[in-house]
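Please read it beside the sequence and the model shown here.

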Amino acid sequence: MLFLGICIVANAVISQVQFVPNKGQWPKKAYYKADLVNGNLWLTDSGLLFSLWDADAAENMHDRALHRFPINRHAFYLYFKNGNFSNIVTTGTQSETYYNYFLGNNPANWAAGVHANSELLVKSLYPGVDLRIFSQNGQLKYNLECKNIEATAAIEMQYIGAEAKVDGNKKINVSTSVQDFVDAMPLVYSENENGRFILDAAYKQKGKSFYYQINSNVASADRIVIDPVLVFSTYTGSRADNFGCTGTYDDLGNGFAGGTVFNVGLPVTTGAFQTTFGGGVEEGIGYGDDRDAAILKFNSLGTKLIYGTYLGGANNEQPHSMVATDTGTLYVMGSTRSKNFPISAGAYDNSHNGDYDFFVSAFSADGKQLLGSTYIGGNGLDGVGANREVESIDNFPLLYNYADEFRGEIITDGLNVYVGGSTYSTNFPRSNNSGWYGGKEDACVFSLSIDLKKLNWAQLLGMDGHDAFYGIAFGKHNDVFASGGSTSVNLPSSFPKFANTYKGGIADG
């Protein structure tokens, strides 16, 4: 048996690809459909059809200044010339979820109770060659399983609708109008009763067709594994909507991604702190409903998800900023409306104070433990820069780009953590009752002990307008510097070396 495996990272790292069969709801030439984060994959009568949209253009729509913005799509085939797709069977796990399609006014095109499957097998794609399509480690993948090396000669692939060209003989460069990617030549090995043996292989191009060439002596009875990879950029998320909010790294080069997830399906890992969606509620602040924070850690190459976890209670959450210590502990600062947000024993504040509160949480390096977690806030809106349920976005001059409500920063010196943000609470904690509150939005900065059990100090800055801190940093002597935006024309004249006269415009720094 010969195996040719191709792994596709098609702008999606998802928990499991699901293939929905065509029961009459789609054109007859489409046999199965799978959803990707920025497009769809169709298994058709002649190959794999990718229909992708421009992810960058979609992101640009988050700018509120862009009321209308075109999003380009590009469809292309990975076409198996002379392949036979008449015999397809499901060989994976059937989904518990089912889909109902009532499209148009012709009941013949309606389908109900349609279950998806995690794996498909196209039998006898070529004589002695089967095509298996599935997901592995969150990536879409397909294998060409061949009876022997002679059967590989029938395999002929083309990229229809995309520019494709062999670079050297180890990769194919593919270009579309929305995305470029590489079909990289894989590790190739033969298998028999004596074990596995690494082989040399290459791509060969003739006209628009691509072939595999194995440059090693292989017995006809041996099976061979060829596993090329289609390398796209890597995305992650659930089957629902997702928004990226923050990212950071640790001393080992591991990368962390923090965002919001709007339902189940996040690629959580075994033993992660929170493996189920906490839930949420509908609200009108302009950022969507029913959401948890999603926290993911990747290895330094971006090829492995070390851990993925939800973080949230029964109401809504979003992470604003993250920082990792030299021991790999990840500190997350965000905002929550949940009265049952995960709070650790002995936390500085274990009760929700009203509306949105700040939360600060610390994850262990493996993502399995919450080492500390606390609320901090007052009876008003904390951490979130606007409440569009109450007022129009035009009444919040510090908001310009999409999701500017969720700003602020967290840093650490290994002994304490420091947070900058904003508050609308007149009773926000502050040291010796110092600081200002101007009646609208104040900038706030505070420090917690590294175990999140003690509030070291907190200060406010603001007067008659909107004031917020966006970033904080350490100086040479461990002073804390904070920066942000202001519309207040009467800030205190405590800083004589700086201009204390409002310069006009939407806001000043």
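In strand S24, Gly-255 is the bridge partner of Tyr-249, and S24 (residues 255–261) is joined to S23 by seven bridges, the two running antiparallel. The model is predicted, so that local features need pLDDT of at least 70 and side-chain atom pairs count only at pLDDT 80 or more, while totals for chains, interfaces and linings use all residues. Residues are numbered from 1 along each chain as its sequence is written, and side-chain values use heavy atoms, with hydrogens and water left out.

**Strands and sheets**

- The secondary structure of the chain comes to one helix and 36 strands, where helices (H or I, at least four residues) and strands (E, at least two) are DSSP runs numbered from the N terminus.
- An open sheet of four strands has the order S23-S24-S25-S26 with antiparallel pairing, and two strands are said to pair if DSSP finds at least two bridges between them.
- The edges of this sheet are strand S23 (242–249) and strand S26 (305–311), each of which pairs on one side only.
- From one strand to the next, the twist averages 20 degrees, with axes taken as lines fitted to C-alpha atoms and angles running from 0 to 180 degrees between N-to-C directions.

**The S35–S36 hairpin**

- Strand S35 (residues 467–474) pairs with strand S36 (residues 480–486) in the antiparallel sense over seven bridges, and Phe-469 stands opposite Gly-484 in S36.
- Five residues lie between S35 and S36 in this hairpin, and Asn-478 in the turn has a positive phi of about 65 degrees.

**The cavity**

- The structure holds one cavity of 30 Å³ or more, a cavity being a set of points on a 1 Å grid over the protein atoms alone where a 1.4 Å probe fits but cannot get out.
- The largest cavity has a volume of about 90 Å³, the volume being the space filled by probe spheres set on the grid points, which are joined across faces, edges and corners.
- Its lining consists of 14 residues, of which Asp-404, Ser-422, Glu-441, Ala-468 and Tyr-470 lie nearest the centre; lining residues have an atom within 4 Å of a point.
- Strand S32 (416–423) and S35 are the elements that give two or more residues to this lining, and S35 supplies the largest share, three residues.

**Chain totals**

- Of the 509 residues of the chain, 51% count as buried, meaning under 20% relative accessible area with a 1.4 Å probe and protein chains only.

Notes: On a 1 Å grid over the protein atoms alone, a cavity is a set of points where a 1.4 Å probe fits but cannot get out, and a pocket is an open set with protein on both sides within 12 Å along at least five of seven lines; lining residues have an atom within 4 Å of a point. Buried means under 20% relative accessible area, exposed over 50%, partly exposed in between (1.4 Å probe, protein chains only).
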